[in-house]
Amino acid sequence: MSGIRVTYAGLISFVSGLVIAVFGLVTILIITRNLTPEEFGTWTLIISLLVYVNYILPMITYWVTRETARGIESGKTAILSSGLFSCIGISLYLVIVYFVSGQSDADQDILLSAFILVPMIFLHNVLVAINYGWKPHAVSYGLLALEASKIPLLIITVYWLQMGVLGIIFAMTIAYVPSILVLFIFGKEKIKNKIKIIYIKKWLKLFWLPSYPSVGSVIAAFDVLIFTIITGSVIGLAFYAAALVVSKICTNAISISSAVYPKLLEGKQMGNILQNNITLLSFFVIPLATLSIFFAKPAVYALNPIYVEAYPAVIFMTIRMFLFTYSVSFAEFLKGGEKVDTQENASFKDYIRSKLFLVPSIRFIQYSVFLISLTFVLIMVFSSSTDVELITYWAIVWLAVEIPVFIYLYILVKRNFKFKMEVKNFVKYLLASILTIGISYYMSLEFLEFNPSIIDFLPNLLLFIGLGIFGYIALTYFIDEKTRTVFSAIIHELKNRST
């Protein structure tokens, strides 16, 4: 694993992430422009239900990444296990749909048909886990293949054939095929080994450790279900999903830290690397978050004019996603630096005391508080609020519970690694992004016309966004030595790769 290059892999992941974001934009435009709010809300509900099914998958993916990174050949066993676990996942999904469909106005037949996504998701995620511990940048190529495949398939099923949500389900299922092939090619060296039941026994014996973090994700996903049950409709979910698409743009910067986790698994001392990585993360995440905040209204309008009133929620969601980007990276640093699973005689108590248990415990508490708070708030304001107001309250609650977690995880990282937050650079990036992107936004107020035609509106919107990004890069390059170092590092990494 000494071949993992943190900067190169991180930059590859980030650039790929930006391309994926563009593909994702086209994908979501096809969906939002051709589905009714009811259909879009149903698709949002399906995505949420699939999260519950994925709860059992980390029992494989969690360990195969750590084992692959440490030279343990469990790849083929993991692939076999994914087939067995997907059968359990399908059964679980069908049971969940049976109970949920009666609580909303979503079409039960459409919800049930989404079961075909389960085996594809399981196999794909296992291959992602194998490559993540072997060649992290290969994961980016696999995701590129996935997102690129969605576009022509959605054009056929949703735009031409007008199949609605069923068209999305079929398109997404088929789109996994090229991605799986790409990931298989990159990871084939780690899949040549023999199938060993001993690995499955270990995963089942320690199932509680990777399953515990998943409990938090499952709990968090209940927000969609709670909203649906309280309102009795999926229309509000459509507004929520539209706002979420725009706010999540800044989370693409998480990929900058993608190679740190497997590198930490090697046992390297990485204080300086972590410090530089956080600075590089800040360089990208700050302008992306600023873009989402300033251009919240025109961005949601581009998805579909129907959802334009959801833009206030975007602001609160973006701030939450901004903090979440850092906290996810901090959590990965902490888990990557933990060595308890390298001890053959590690006891249950040792695992409980480790960061492998501490980090998900933090999330578990956070998401539990979030769900209780959200339920209370929605019950209090439901009768007197519109769907747009409800999702804004939803976003505010999310932000409120993210702030303390961000602070606590930062403190933990500071205690466990020798690095410091380069506040001066952070302030420079923040002021530069506000100035350049702010100017671009105020220019858009003067010249950008809100035209319902996506062909007329989107190119003009992208022009102003592009001006803001270019201004940010140019300004930071001239005022910040660290930025010039970043560009030099990028050129250096690319030259090293080419040779």
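Reply: Setting aside residues up to four places away in sequence, I391 touches F227, G236, F239, Y240, A310 and A313. The model in which these contacts occur is a predicted one. I391 belongs to helix α18, which covers residues 387–416. Its relative accessible area is 0%, and because buried means under 20%, I391 counts as buried. One of the residues it touches, G236, is 155 residues away along the chain, yet the C-alpha atoms of I391 and G236 are separated by 7.3 Å.

Another residue of helix α18 is Y393. At 33% relative accessibility, Y393 counts as partly exposed, whereas I391 is buried. The contacts of Y393, not counting residues up to four places away in sequence, are with V377, V381 and S385. Y393 can also be placed relative to F316: the two are 77 residues apart in sequence, and their C-alpha atoms are 9.2 Å apart in space.

The setting for these sites is a chain whose secondary structure comes to 21 helices and 0 strands. Its radius of gyration is 22 Å, close to the 23 Å that the globule rule gives for 499 residues, so the chain is as compact as a globular protein of that length. Taken along the principal axes, the box filled by the C-alpha atoms is roughly 60 × 60 × 45 Å. Of the 499 residues, 56% are buried.

The structure holds 28 aromatic pairs. In one of them, F295 and Y441, the ring centres are 5.6 Å apart and the planes stand at 85°; since an angle over 60 degrees counts as edge-to-face, this pair is edge-to-face. F295 lies in the loop between α13 (271–294) and α14 (296–303), while Y441 lies in helix α19 (residues 423–447), so the pair ties together parts that are 146 residues apart in sequence. F295 is itself buried, with a relative accessible area of 2%.

A second pair, Y326 and F330, is tilted, with 6.2 Å from centre to centre and 40° between the planes. Both residues lie in helix α15 (residues 311–336), 4 residues apart, which is about one turn of the helix. Y326 counts as buried at 1% relative accessibility, and F330 counts as buried at 0%. These two residues also belong to one aromatic cluster, formed by F322, Y326, F330, F406, Y410 and F426.

Helix α19 also holds S440. This serine is buried, with a relative accessible area of 2%. Apart from residues up to four places away in sequence, S440 touches F295, F464, I465, L467 and G468. F295 is thus both a contact of S440 and the ring partner of Y441.

Two loop positions complete the local survey. S101 is found in the loop between α4 (75–100) and α5 (108–113). With a relative accessible area of 9%, S101 is buried. Leaving aside neighbours within four places in sequence, S101 is in contact with A106, Q108 and L111. From S101 to L112 there are 11 residues in sequence and 9.3 Å in space, C-alpha to C-alpha. The other loop position is Q162, located between α7 (136–160) and α8 (164–187). Although Q162 is not a glycine, it has a positive phi of about 55°.

Surface and charge remain. The accessible surface of the chain comes to about 21,500 Å², and 68% of it belongs to carbon and sulfur atoms. The chain carries 36 positive and 27 negative side chains, and the centres of these two sets lie 16 Å apart.

Note on methods: Residues numbered from 1 in each chain as written. Predicted model: local features only at pLDDT ≥ 70, side-chain atom pairs only at ≥ 80, totals over all residues. Heavy atoms only, no water. Rg over C-alpha atoms; globule rule 2.2 N^0.38 Å. Buried < 20%, exposed > 50% of the residue type's maximum accessible area, 1.4 Å probe, protein only. Areas by Shrake-Rupley, 256 points an atom, 1.4 Å probe, with all protein chains shown as cover. Lys, Arg positive; Asp, Glu negative; His and termini not counted. Charge placed at Lys NZ, Arg CZ, Asp CG, Glu CD. Phe/Tyr/Trp six-rings, centres within 6.5 Å; stacked < 30°, edge-to-face > 60°. Contact = heavy atoms within 4.5 Å.
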